[in-house]
Structure formats: structure tokens, C-alpha cells
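Below are my notes on the fold, for comparison with your own reading of the coordinates. They are set out as numbered points.

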Amino acid sequence: MTEQRIKKLQKVLPQGAAAIITSGANRFYLTGFETSSGMVVATSDAAYFLVDFRYVEKARAVITDMPVRLSSDHTSTAYEILKEHNVKGVLLETESTSMATLKAYRERLDGIELLSDNIIDNTLRDMRAQKSEYELSLIKKAQELT
């Protein structure tokens, strides 16, 4: 199921662009794995989950639709991935990216343009609003329990 979500996200990426997803809800939506920190880096043809040592073993056991990379510095690891894929621009979650984080990206993602479009927020919000049959069954079960 998460593979389909990643593919939908990849379809909205402009040519030569990637997305960096850091908010907890969106990370969970795209990976099916809940963590207190981490990053999803999605290019037009690949996606990666970056996570620190606390979660890496469990993440590798749970997440099957994208490689899990151990990372103590997500921005540096993301930069390596972006360079590997010849990414020229990055879309961020504009609604949840702090000014401090934006400043750090500007300083550390040398040569990569930060794109100021809400496309990632809008796309993920729309995707999360549409429930699959499985998600609907879980909602119904939760309602029965309450």
C-alpha cells in the first residue's frame, strides 16, 4: 500500500525535483512506520527512509517499499541522495517546515533549489483524505470498540 502512495507522490514532482518529507503524520503515511524523527526523500524514480540508530533495525524489518538508510545527519544523507539522482530542486512540506530548518536546508543543500510550492502538502493532504477499504474497516472497528 505504501508503494502506491509513493508513486502518487512521485507523479506530482516537477522534472528534476524531489521531495523531503519530515512531518510525523506524513512519514507514517508513506512508510507505515511511526518514529519520533526521520525523513523520507522521494525522487521521481526512488524513495528512501532515513532514520537514526534507535529505529533502523525495526524500520528495515517493517518497511519493504523503500530502502531504509541509517543516518545520524538526515540533511547530509538527503544531500547525498539528491546528488546521486541529479536533483536540481526540492519541494518541502511548507506547512510544517520551520524557519530554522529552512535556513539549514539553504545552507547545506548546496546547488539545489528550494522550491516554494505547496504541492507536497496539498498532495499528501488529498491522498490522506481518501481512505482505502482497509482504512475504512479500521475506522469501523474503532467505532465499534468505542
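1. A hairpin of four residues links β2 to β3. Helices (H or I, at least four residues) and strands (E, at least two) are DSSP runs, numbered from the N terminus. β2 and β3 run antiparallel and are joined by four bridges; strands count as paired if DSSP finds at least two bridges between them. Within this pair, Val41 stands opposite Tyr48 of β3.

2. Basis of these notes: the model is predicted, so local features need pLDDT of at least 70 and side-chain atom pairs count only at pLDDT 80 or more, while totals for chains, interfaces and linings use all residues. Residues are numbered from 1 along each chain as its sequence is written, and side-chain values use heavy atoms, with hydrogens and water left out.

3. On its other pairing, β3 meets β4 in the parallel sense over three bridges, and Phe49 stands opposite Val68 in β4. Between β3 and β4 the chain passes through helix α3 (residues 56-62), giving a right-handed β-α-β crossover. Right-handed here means that, with the strands pointing away from the viewer, the path from the first strand over the helix to the second runs clockwise.

4. Is β3 covered or open? Five of its five residues are buried, where buried means under 20% relative accessible area, exposed over 50% and partly exposed in between (1.4 Å probe, protein chains only). In a regular strand, side chains alternate between the two faces of the sheet. Ala47, Phe49 and Val51 are buried on one side of β3, and Tyr48 and Leu50 on the other.

5. The whole sheet is open, with six strands in the order β4-β3-β2-β1-β5-β6 and mixed pairing. β4 (68-70) and β6 (113-115) are the edge strands; each has a single partner, so one side of each lacks a neighbour in the sheet. Direction ignored, neighbouring strands are turned by 25 degrees against each other on average; axes are lines fitted to C-alpha atoms, for helices over the stretch in contact, and angles run from 0 to 180 degrees between N-to-C directions.

6. The bridge partner of Gly89 is Glu113 in β6. Helix α2 (residues 24-31) packs on the sheet and touches β1 (17-21), β2 (39-42) and β3 (47-51), contact meaning heavy atoms within 4.5 Å. The direction of α2 makes about 60 degrees with that of β2.

7. Which residues does His74 touch? With residues up to four places away in sequence not counted, they are Ser37, Gly38, Met39, Leu50, Val51 and Asp52. His74 lies in helix α4 (residues 74-84) and is buried, at a relative accessible area of 16%.

8. The largest pocket holds about 300 Å³ and is lined by 15 residues, with Arg5, Phe28, Tyr29, Gly32 and Glu135 nearest its centre. α2 gives the most to this lining, four residues; α1 (2-11) and α2 each supply at least two. A pocket is an open set of points on a 1 Å grid over the protein atoms alone, where a 1.4 Å probe fits and protein lies on both sides within 12 Å along at least five of seven lines; lining residues have an atom within 4 Å of a point. Points are joined across faces, edges and corners, and the volume is the space filled by probe spheres set on them.

9. Glu3 belongs to helix α1 and is partly exposed, with a relative accessible area of 43%.
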